[in-house]
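Take a look at the model below before reading on. Keep it open while you work through the points.

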Amino acid sequence: MKIHEYQAKELLARYGLPIPPGSVAATPDEARAAAAAIGGTVVVKAQVLVGGRGKAGGVKLAATPDEAAAQAAEILGMDIKGITVQRVLVAQAVDIATEIYLGVILDRTAKAITIMASAEGGVEIEEVARETPEKIHRVHVHPLAGYADYQGRKLAFDIGIPPQLSRDFAAIVRALVQALVDNDGELVEINPLVITQEGAIQCIDAKINLDDNALYRHKDLAALRDLDEEEPAERAAREAGLSFVKLDGTIGCVVNGAGLAMATMDTIKLSGGSPANFLDIGGGARAESVENALKIILDDPNVTAVLFNIFGGITRCDEVARGIVSALPSLARRVPMVVRLVGTNQEEGRAILREAGLVAADTMQAASQEVVRVAAAPQGAGS
Ligand code: GDP
Ligand code: MN
């Protein structure tokens, strides 16, 4: 889960990081009041959960409170990468001398927390990684010994931070690592971390991604979820109690059990197709979950066929079949469906499907080959 810049800054300020004062505003009047309270030049920043706001025109300087109100009026309601700006952060502006990139990630490949720093700050780090990967410097945090300040000082040296700021930099890295650990973060990123004209370090942007699987132990952070900015399909699925991840293929999958979902995606690939999603309706799924799952999947215009792969244990095949059949009349569109249904009450399930004119495949392999075939066939060309 991502949280907004202003929320990330509030959290990081508690770790003593140097963050320019600011407050969030939902209207131009609130932005004017915020700017007046801060005094001097401020920066007005769109709060949306995507990067590249600066390039999109969502970050503007304002010298007076009236100007801040005018900039807020421009930015509020603006569309940035498909998201409408609902709030702006009004923060004290800083005079920038140098922009640096600093990020701390939970690095599965390295099996450690990795700290990344680059003198090429301000631009998107993916771009730096692609074009000049040698400009990103990394150190790993030892899982038992933890972060040591010499690691931060080494990074400071590597990216050319003036020696007199090296200790400050190392302390900032320490605080970011601590924030990542305490809050079960996957990423804590300051881009840019700046050296000001006065020669101090300031964090002028902040990004935090949290591990969804650990949110249960951070109720206060879980409450920050911005429902407006979730992938609509993933939100609908979460609200319906389904595990769902959208992918970019053409075959919708309805499966019970995460392991079976993985195996199903593999078999589809093996048969030459590509899955449009990962969807687990769970054990003991009722007809209603099946209906919800189908609606969510068919909302994706890329989907040209659907595969049901149900292994009935606690889940009863007749219940699933009933769900499929009862969903049919209300579906926004029809695509070919292939059903593999085995286990508890499979005969009843197949009979229900047969009555509705749907055929159940016998094996997982046959089902995946069939669904790949019908997904590729031009619409309306038979079965
Ligand atoms: P992003 O584009 O979404 O990553 O938003 P950022 O918060 O990183 O801001 C983008 C750019 O705006 C930064 O790289 C800076 O160049 C500029 N910027 C942001 N805040 C300030 C500020 O306080 N003063 C000045 N002069 N520039 C700023
Ligand atoms: Mn940034």
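Predicted model: local features only at pLDDT ≥ 70, side-chain atom pairs only at ≥ 80, totals over all residues.

The protein has 383 residues, and 49% of them count as buried. It carries 13 helices and 19 strands.

**Overall build**

- The C-alpha trace spans about 80 × 50 × 40 Å along its principal axes.

- Asn 191 belongs to strand 11, which covers residues 185-196.
- Asp 205 sits in the loop between strand 12 (201-203) and strand 13 (207-210).
- The pair therefore ties together parts that are 14 residues apart in sequence.
- Are Asn 191 and Asp 205 buried or exposed? Both are buried.

- Ligand 1 takes up the space of the largest pocket.
- There are 16 residues around ligand 1.
- Which of them come nearest? They are Lys 45, Arg 53, Gly 54, Val 94 and Glu 99.
- Four strands each supply at least two residues of the shell: strand 3 (42-46), strand 4 (59-62), strand 8 (96-107) and strand 11.

**Polar atoms facing ligand 1**

- Lys 45 places a polar side-chain atom 2.5 Å from an oxygen atom of ligand 1.
- Arg 53 does likewise with a polar side-chain atom, at 2.6 Å from an oxygen atom of ligand 1.
- Val 94 uses its backbone instead: an N or O atom there lies 2.9 Å from a nitrogen atom of ligand 1.
- How much of ligand 1 does the protein bury? Taken alone, ligand 1 exposes 560 Å², and the protein buries 81% of that.

**Glu 5 in helix 1**

- Glu 5 is found in helix 1, which covers residues 5-13.
- Is Glu 5 buried or exposed? Its relative accessible area is 5%, and buried means under 20%, so Glu 5 counts as buried.
- The side chain of Glu 5 makes a polar contact of 3.0 Å with the side chain of Gln 47.

Definitions and conventions:
Residues numbered from 1 in each chain as written. Chains lettered and ligands numbered in written order. Heavy atoms only, no water. Buried < 20%, exposed > 50% of the residue type's maximum accessible area, 1.4 Å probe, protein only. Near = heavy atom within 4 Å. Polar contact = N/O pair within 3.5 Å; in protein donor to acceptor, adjacent residues only side chain to side chain. Areas by Shrake-Rupley, 256 points an atom, 1.4 Å probe, with all protein chains shown as cover. 1 Å grid on protein atoms, 1.4 Å probe; cavity = no way out; pocket = protein on both sides within 12 Å on 5 of 7 lines; lining within 4 Å. Sits in = over half its atoms within 2 Å of the grid points.
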